[in-house]
Amino acid sequence: MSNKILIEVRNLSRFYGARCAIEDISFSVNRGEISGFLGPNGAGKSTLMQIICGVLAATSGSVSIAGHDILEDPVPAKRQLGYLPEQPPLYPDCTVDEYLYYCARLRGIKRSQVSGSVDISKQKCGLDGFGRRLIGNLSKGYQQRVGIAQALIHTPAVIVLDEPSSGLDPNQIIEIRELIRDMGRDHSIILSTHIMAEAQNICDRVLIMHQGRVVLDKELGSLQGTGDQQYIIVAFNEPPASLDQLYSLDGVTNIHALGNNRFRISCRNDPSLASVIAGTAAANRWGLCELVAESESLEQTYLKLTRATAGDDNGA
């Protein structure tokens, strides 16, 4: 992954009257990175996506795309930007080819290059053989593919996808995820979602939003182990008659029986604790046959951060 920054967001805020939609958000995205904005409905994800793409003006702050300010220098900035809103901007009475030719011309692609650009975008999005089909007759999943094809038809450096799997069935969601992963090889991608599995299966990095703020910004791989609690799965051939000996170990807070002599131990995030458990099992001849340390999952982190200030909500 390149260290070149393609998106730079600084101190971004947006107010609707007295209501704050997003507040003081700053982050950057490197070339070749898939970044996912995760958060509950109303967290401000769509507002942020619209401001990044120049669809909506910020109250304060700045957005730079490939070194160009989205408001002060919008034309070169948007040349490097592809956008798929939550509701794809499709014309159901057009064929796929007609629509993509139209989008290519809107993007300023030369007439001599339009046909090639359309063919490449269809190929990338699995739309070969669909050129003469009416968009209105396509399934929701293939309509989403057409929406993605228009976002990348001008080969932008950055693609922004707002809830790309919204309204799709499970098979279509899997297909769209595979498509986004393939796109991540050639483009930097920002996507917003409220589906945990979406971020976990696609993204290199996750930013969790809550009440208009970014409350976590981590690479997905480094997210594991950042919490103050860990979970250790153990299994014994001859489990103890009482779990008191495990509860007596310093740092153990809870033990859940999983069946088949397996247990999930909740404990303080201490790298030495697994060794202590293994030593205790050996000393008591419990026949330890499994020991797997787990850190706080993305789901647990998400719930902790988005519920932390739930009591502050006023229902708006």
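Helices and strands are DSSP runs, numbered from the N terminus; on this basis, R285 lies in the loop between α10 and β14 (288-295). The structure is a predicted model. Its protein chain holds 11 helices and 14 strands.

**Overall architecture**

- Along the principal axes, the C-alpha atoms of the protein chain fill a box of roughly 80 × 50 × 40 Å.
- The protein chain has 316 residues, of which 45% are buried.
- Among contacts in the protein chain with a separation of 6 or more, 69% are accounted for by residues 24 or more positions apart.

**Packing of α5 with α6**

- Helix α5 spans residues 140-152 and helix α6 spans residues 170-183; the two pack at an angle of about 15°, and their axes are 10 Å apart.
- Angles under 35 degrees count as roughly parallel, and α5 and α6 are therefore described as roughly parallel to each other.
- The handedness of the crossing of α5 and α6 is right-handed.
- On the α5 side, the contact is made by K140, G141, Q144, R145, I148 and L152.
- On the α6 side, the contributing residues are Q172, E175, I176, L179 and M183.
- Sorted by class, the contact of α5 with α6 comprises 5 nonpolar, 3 polar and 3 charged residues.

**Packing of α3 with α5**

- Helix α5 also pairs with helix α3 (residues 96-106): the axes of α3 and α5 come within 9 Å and cross at roughly 25°.
- By the cut-off of under 35 degrees for roughly parallel axes, α3 and α5 are therefore roughly parallel to each other.
- The crossing of α3 and α5 is right-handed, as is the crossing of α5 and α6.
- From α3, the residues V96, Y99, L100 and C103 take part in the contact, and they meet V146, A149 and Q150 of α5.
- The contact of α3 with α5 divides into 6 nonpolar residues, 1 polar residue and no charged residues, whereas the contact of α5 with α6 includes 3 charged residues.

- In helix α10 (residues 273-283), the buried residues are L273, A274, I277, T280 and A281.
- Exposed residues S275, A282 and A283 are carried on the face of α10 that is turned away from its buried side.
- After α10 comes R285, a residue whose phi is positive, near 55°.

**Residues with positive phi**

- R285 is a residue other than glycine, yet its phi has a positive value, near 55°.
- The loop between α10 and β14 (288-295) is the location of R285.
- R285 has a relative accessible area of 73%; exposed means over 50%, so R285 is classed as exposed.
- D24 is likewise a residue other than glycine with a positive phi, near 50°.
- Strand β2 (residues 19-30) contains D24.
- The relative accessibility of D24 is 43%; this value falls between the limits of under 20% for buried and over 50% for exposed, and D24 therefore counts as partly exposed.
- In summary, R285 lies in a loop and is exposed, whereas D24 lies in a strand and is partly exposed.

Terms used:
Residues are numbered from 1 along each chain as its sequence is written. This is a predicted model: local features need pLDDT of at least 70, side-chain atom pairs count only at pLDDT 80 or more; totals for chains, interfaces and linings use all residues. Side-chain values use heavy atoms; hydrogens and water are left out. Axes are lines fitted to C-alpha atoms, for helices over the stretch in contact, and angles run from 0 to 180 degrees between N-to-C directions. Helices (H or I, at least four residues) and strands (E, at least two) are DSSP runs, numbered from the N terminus. Angles under 35 degrees count as roughly parallel, over 145 as roughly antiparallel, 65 to 115 as roughly perpendicular and the rest as oblique. A crossing is left-handed if the near helix is turned anticlockwise from the far one by less than a right angle, and right-handed if clockwise. Contact means heavy atoms within 4.5 Å. Ala, Val, Leu, Ile, Met, Phe, Trp, Tyr, Cys and Pro count as nonpolar, Asp, Glu, Lys and Arg as charged, and the others, Gly among them, as polar. Buried means under 20% relative accessible area, exposed over 50%, partly exposed in between (1.4 Å probe, protein chains only).
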